[in-house]
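Biologist: Please show me the sequence and the structure. I would like to ask some questions about them.

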Amino acid sequence: THIPLDIAFIDSDGVIRDIYSMRPLDTSVIYTSSTSVRYALEVNGGWFSAKGISVGSKTGLNGCVGK
């Protein structure tokens, strides 16, 4: 991608297990979760911290993603 993104890895219970900041056009890093997860959510860089969201926060999928 050409813009900075953050990626959150989210488990089946909706708990964020890892958050990483990804650098634009950097293919030297592979981002993986430290635990088993079900989802990965990418947002604009800095969005999670601006919203006060961190590792351990719980997401509400509200039926947007089927199981």
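Biologist: How many of the 6 residues of strand E1 are buried?

Modeller: This is a predicted model, where local features need pLDDT of at least 70 and side-chain atom pairs count only at pLDDT 80 or more, while totals for chains, interfaces and linings use all residues. Residues are numbered from 1 along each chain as its sequence is written, and side-chain values use heavy atoms, with hydrogens and water left out. Buried means under 20% relative accessible area, exposed over 50%, and partly exposed in between (1.4 Å probe, protein chains only). Strand E1 covers residues 5-10 and is largely enclosed by the rest of the structure, because the number of its residues that are buried is 6 of the 6.

Biologist: Which residues point the other way from Leu5, Ile7 and Phe9 in E1?

Modeller: Strands (E, at least two residues) and helices (H or I, at least four) are DSSP runs, numbered from the N terminus. Leu5, Ile7 and Phe9 point one way from E1 and are buried. Pointing the other way, and buried as well, are Asp6, Ala8 and Ile10.

Biologist: In E2, which residue is the bridge partner of Ile10?

Modeller: Two strands pair if DSSP finds at least two bridges between them. E1 and strand E2 (residues 16-22) pair in the antiparallel sense over 6 bridges. They form a hairpin with 5 residues between them, and Gly14 in the turn has a positive phi of about 85 degrees. In E2, the partner of Ile10 is Ile16.

Biologist: In E3, which residue is the bridge partner of Phe9?

Modeller: E1 and E3 also pair in the antiparallel sense, over 6 bridges. In E3, the partner of Phe9 is Ala40.

Biologist: Which residue forms a salt bridge with Arg17?

Modeller: Side chains of opposite charge can pair when their charged atoms come close. A salt bridge is a side-chain nitrogen of Lys or Arg within 4 Å of a carboxyl oxygen of Asp or Glu, and the structure holds 2 of them. The closest N and O atoms are 2.8 Å apart, and the partner is Asp11.

Biologist: How far apart are the closest N and O atoms in the salt bridge of Arg23 with Asp26?

Modeller: Asp26 counts as partly exposed, at 22% relative accessibility. Between Arg23 and Asp26, the closest N and O atoms are apart by 2.4 Å.
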